[in-house]
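Try each task yourself, then follow the solution step by step.

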Amino acid sequence: MCLTYLVYCAWMLRNIPIYEGLCKMLKKEPVIPEEVDEDDDDMQGAIYYDPVEVLWRVTMPDHDRRPFACFSASLLNIAVLSYVMVDAATRFGCITGIPTLFMGLVFLAAGTSIPDAFASMAAARRGEGDMAVSNALGSNIFDILLGLGFPWLIALLLGKPIVFLGVNRLLTWVLILILVLFLFMGVVVLSGWKLNQKMGLVLGFMYVGYVLFGLHQSNTGGKLH
């Protein structure tokens with residue numbers, strides 16, 4: 001999985017030449033989006049004085065003068081906050097009796113995807129639909145190939161086997177994920193490859209249906225521990 005992600009990164013680095021080569025083979029004119037200079041949005045209003053924003057502003061290295069230090073500090077903060085979030089969600093699920101599978105599929109997934117959602121919203125407002133969609137897809141590719149593959153690789157190198165209990169329920173959700181992907185592509189094609197309110201409503205209702213199905217499954221089935 002880790003090697004596959006490296007291949008994916010190499011492919012994306014050569015994405016434009018590969019695309020141009022395929023268009024040349026198919027005798028089609030390549031359509032390449034123009035690069036847009038992204039201006040940093042200045043934080044204004046109450047969010048500027050938010051305690052968390054103040055903490056990041058004071059403790060994070062300057063991203064212009066020390067980009068690598070800023071990137072490393074960001075990774076460290078993400079790791080710490082992710083651990084706190086997962087631990088809190090696990091304890092909350094145990095106290096309230098919510099199955100861990102449902103907690104992961106809904107609460108943890110939503111918590112980790114909210115930053116991606118805001119980034120996609122900002123890109124969509126600028127009219128950059130390709131960036132909005134690719135951000136969501138790229139995040140899932142990273143989560144599956146590296147977010148899962150790298151910890152498993154470390155565990156296996158340390159001699160700790162990876163054991164899946166409740167495999168049948170997990171496979172069911174994998175199949176649902178594949179179905180959702182096909183439905184998403186169908187909605188995109190039917191909308192003419194344009195982001196609009198109707199497409200947003202359809203995707204929103206699809207997610208509501210997904211959550212309701214997950215809640216039904218968690219109430220009728222066993223738990224994944």
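pLDDT is the predictor's confidence in each residue, on a scale from 0 to 100. Helices (H or I, at least four residues) and strands (E, at least two) are DSSP runs, numbered from the N terminus. You're looking at a predicted model, where local features need pLDDT of at least 70, side-chain atom pairs count only at pLDDT 80 or more, and totals for chains, interfaces and linings use all residues. Residues are numbered from 1 along each chain as its sequence is written, and side-chain values use heavy atoms, with hydrogens and water left out.

**Exercise 1. Find where confidence is highest and lowest in the protein chain.**

Next, go to the helices. Helix H1 (residues 2-13) has the highest confidence, with a mean of 92. Helix H5 (residues 100-125) has the lowest, at 76.

**Exercise 2. Look up the "transmembrane region" spans in UniProt and describe residues 98-119 and 140-158.**

First, the record: an unreviewed UniProt entry lists residues 67-86, 98-119, 140-158, 170-193 and 200-218. Positions are in the numbering used here, feature names are shortened, and annotations may be inferred rather than shown by experiment. Now check two of those spans in the model. Residues 98-119 are 91% helix and 0% strand, with end C-alpha atoms 30 Å apart. For residues 140-158 the values are 95% helix and 0% strand, and the end C-alpha atoms lie 26 Å apart.

**Exercise 3. Work out how the rings of Tyr5 and Phe142 are arranged.**

Rings of Phe, Tyr and Trp (its six-membered ring) pair if their centres lie within 6.5 Å; planes under 30 degrees apart count as stacked, over 60 as edge-to-face and the rest as tilted. The whole structure has 3 aromatic pairs. In this one, the ring centres are 5.5 Å apart and the planes of Tyr5 and Phe142 sit at 75°, so it's edge-to-face. Then trace the chain: Tyr5 is in helix H1 and Phe142 in helix H6 (residues 129-157), 137 residues apart, so the pair links distant parts of the chain. Together with Tyr8, these two residues form one aromatic cluster.

Last step, accessibility: buried means under 20% relative accessible area, exposed over 50%, and partly exposed in between (1.4 Å probe, protein chains only). Tyr5 has 15% and is buried, while Phe142, at 36%, is partly exposed.

**Exercise 4. Which kind of pair do Tyr207 and Tyr210 make?**

Their ring centres are 5.8 Å apart and the planes are at 35°, so this pair is tilted. Both sit in helix H8 (residues 197-220), and because they're 3 residues apart, about one helical turn separates them. Tyr207 is partly exposed, at 40%.
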